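Thanks, everyone. I'll keep this short. Have the sequence and the structure ready on your screens.

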Amino acid sequence: MDDVQELSDEFAIKEQIPMVFAFIYGVTVDWREYDEEIVRLFGERLPDETVEVTTTDKGLEVIYNGQLHSIALTFSGKDRYITIRGFQELIRDKYEIRLFEASYFSDTHDFLVLPKRQWEELDARYPVQTGEMFRVIDDELDFP
């Protein structure tokens, strides 16, 4: 019986690791989150970068490392992922944002922002686990 309990405890711990990791290193986005706040939250995870954002009547103006970029919005519920994909495009040379797969069917999504090099290393070293835990941000991704 002790072996069964020990195995059960070990499995429970392994199941909790992604949630703890997301809490410490992730960005949580609610489906009702303001788009300006989404950019700020992701920007906070880029320690060597400068990110400023303002909302305009056409969408967002993001200053990333001194360069102005515009993200056009529809001013609808679809804007959360328009913002996320737009910001991903700005940082794609250095960083990548991925969704924690376990959060997908929730009204809050958890993301991890890592340097692109780290994602490449994780994909090469742990392709199955990375694919199971994280979802690449693509054009199809949205709140369910």
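The side chains of E49 and Y64 are joined by a polar contact of 3.1 Å. Keep in mind that this is a predicted model. E49 has another partner: a polar contact of 3.0 Å links its side chain to that of K94.

Where does E49 lie? In the loop between α2 and β2. Is E49 buried or exposed? Its relative accessibility is 8%, so E49 counts as buried, the cut-off being under 20%. What does E49 touch, leaving aside neighbours within four places in sequence? Y64, N65, K94 and Y95.

Two packed helices are described by the angle between their axes and the distance between the axes. The crossing of α2 past α3 is right-handed.

Which residues make that contact? From α2: D35, I38, V39, F42 and G43. From α3: D79, R80, T83, I84 and F87. Sort the contact by class and you get five nonpolar, two polar and three charged residues.

Next, the buried side of α2. Its buried residues are D35, I38, V39, L41, F42 and G43. What do they pack against? Helix α3, for one. Then come the strands: β1 (27-30), β2 (51-55), β3 (59-64), β5 (95-100) and β6 (108-115).

To recap: E49 is buried, and its side chain has polar contacts with Y64 and K94. Over to you.

Note on methods
Residues numbered from 1 in each chain as written. Predicted model: local features only at pLDDT ≥ 70, side-chain atom pairs only at ≥ 80, totals over all residues. Heavy atoms only, no water. Left-handed = near helix turned anticlockwise from the far one by under 90°. Helix = DSSP H or I, 4+ residues; strand = E, 2+ residues; numbered from the N terminus. Contact = heavy atoms within 4.5 Å. Nonpolar A, V, L, I, M, F, W, Y, C, P; charged D, E, K, R; others polar. Buried < 20%, exposed > 50% of the residue type's maximum accessible area, 1.4 Å probe, protein only. Polar contact = N/O pair within 3.5 Å; in protein donor to acceptor, adjacent residues only side chain to side chain.
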